[in-house]
Amino acid sequence: MAHFICTACGMQYAESEKPPAQCAICEEERQYVPPRGQSWTTLDALAQSHTNTWREYDAGLLGIGSTPHFAIGQRALLLRTDKGNVLWDCIATLDAATVTAIKGLGGIQAIAISHPHFYTTMVEWAQRFDCRIHLNAADKAWIMRPDPAISLWEGDTFKLWHGVTLIRCGGHFEGGTVLHWQEKKNGGANGRGQGKGIVCSGDTLTVATDRKWLSFMRSYPNFIPLSAREVGHIGRAMAPFSFDVLYGHYFDRVIAKEAKAVLEKSIARYVAAVEGKRGY
Ligand SMILES: [Zn+2]
Ligand SMILES: [Zn+2]
């Protein structure tokens, strides 16, 4: 018996004798089955072939990603808040070095994930660090490895603790979530963000390649856009929150300043484009 992991999207499944016949995430219109077909691995096999790489955005915020690239290739973030560490989003690879390093930084007090593409091995992480996983209830059907560590939250927002709030934006997934972090002294990040707040967006809000704009899609690999109504809703969900820096889901996808204004102009550009009112 093993907990098999899809090599195309990184989703880990409930324990089984043989790999699942197909990956529900990859079969769905937002992902894809690679030309070589579906293949599977395990956490032990990944520990032999991959290692994790770190990037310190500042002392309070660290990125963790897999080398070489695995599955979707996102990096997770470790937020070192006043009241404990949060793992935002998740990566499949969890090796001994990563566990030792994170334990040295105080462990993980909560895991929160933007959407099902990044659920991956979340249960393994929760078990290693003895913490809960907070997911939006609207995406419950996409949990492929149920576990008592998973807590589902409902409504528009959920406070992990003071200064750390999950915001449901919808869009890419019905329960698509971002994390807002603001602390009195440092706004979450000691260097960047300076008391103005930061947002970790996964690909609920995607930082474009130019790092000057955001965009919003139902499917990124299959180019399925969202409607003006859905993107307008994202703007309304984010309106009460102030923030200056926004972290997307790859190491280099960061809006380094004035991120709230970038979000507002990006929503306006997107809505004008889909409504045929671009003006150029
Ligand atoms: Zn998959
Ligand atoms: Zn996604």
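This is a predicted model: local features need pLDDT of at least 70, side-chain atom pairs count only at pLDDT 80 or more; totals for chains, interfaces and linings use all residues.
1. Strand β7 covers residues 110–112 and strand β8 covers residues 132–136, and the two pair in the parallel sense over three bridges. If you want a spot to look for on screen, find A110: it stands opposite R132 in β8. Helix α4 (residues 122–129) packs on the sheet here, touching β6 (84–88), β7, β8 and β9. The direction of α4 makes about 145° with that of β8.

2. Now zoom out to the whole sheet. Which order do the strands follow? It goes β3-β4-β5-β6-β7-β8-β9, an open sheet of seven strands with mixed pairing. β3 and β9 (150–153) stand at the edges with a single partner strand each, so one side of each has no neighbour in the sheet. From one strand to the next, the twist averages 25°.

3. On one side, β4 pairs with strand β3 (residues 51–58) in the antiparallel sense over seven bridges. These two strands make a hairpin with two residues between them. You can trace the pairing through the bridge partners: D58 goes with L61, and T51 goes with T67.

4. β4 also pairs with strand β5 (residues 76–81), again in the antiparallel sense, this time over four bridges. L61 turns up here too, with L79 as its bridge partner in β5. While you are tracing these strands, remember a handy rule: in a regular strand the side chains alternate between the two faces of the sheet.

5. A cis peptide bond joins T67 and P68, with omega at about -10°. P68 is in the loop between β4 and β5. Why point it out? Because most peptide bonds are trans.

6. Next, helix α3 (residues 96–104). This helix lies across β3, β4 and β5, and runs at about 30° to β3. Which residues of α3 are buried? They are T98, V99 and I102. Seen down the axis of α3, the buried residues fall within an arc of 100°, so they line one face of the helix.

7. What do the buried residues of α3 pack against? Their neighbours are β3, β4, β5 and α4. The face turned away from the buried side carries the exposed residues A96, A97, T100 and G104. Just after α3, G106 takes a positive phi of about 105°.

8. There are zinc sites to check too, beginning with the zinc ion that is ligand 1. C6, C9, C23 and C26 coordinate this ion through their SG atoms, at 2.3 Å. The spacing of these residues in sequence is C-x2-C-x13-C-x2-C. Is the arrangement tetrahedral or irregular? The angles run from 103 to 116°, which makes it tetrahedral.

9. The zinc ion that is ligand 2 has another set of protein donors: H115 (NE2), H117 (ND1), H172 (NE2) and D203 (OD), lying 2.1 to 2.8 Å from the ion. The sequence spacing here reads H-x1-H-x54-H-x30-D. H115 and D203 link distant parts of the chain, being 88 residues apart. H115 is in the loop between β7 and α4, while D203 is in the loop between β13 (198–200) and β14 (206–207). Both H115 and D203 are buried.

10. Last, a couple of backbone angles to inspect. Most residues other than glycine have a negative phi. D130 is not a glycine, yet its phi is positive, at about 50°. D130 is in the loop between α4 and β8, and at 72% relative accessibility it counts as exposed. R211, also a residue other than glycine, has a positive phi near 60°. R211 is in the loop between β14 and β15 (214–215) and counts as partly exposed at 44% relative accessibility.

Note on methods:
Residues are numbered from 1 along each chain as its sequence is written. Chains are lettered from A and ligands numbered from 1 in the order in which they are written. Side-chain values use heavy atoms; hydrogens and water are left out. Two strands pair if DSSP finds at least two bridges between them. Donors are N, O and S atoms within 2.8 Å of the metal (3.2 Å for Na, K and Ca); water is not among the atoms, so sites may look incomplete. Four donors count as tetrahedral if all angles lie between 85 and 135 degrees; four count as square planar and six as octahedral if opposite donors are over 155 degrees apart and all others between 65 and 115; anything else is irregular. Axes are lines fitted to C-alpha atoms, for helices over the stretch in contact, and angles run from 0 to 180 degrees between N-to-C directions. Contact means heavy atoms within 4.5 Å. Buried means under 20% relative accessible area, exposed over 50%, partly exposed in between (1.4 Å probe, protein chains only). The arc is that of the directions from the helix axis to the C-beta atoms.
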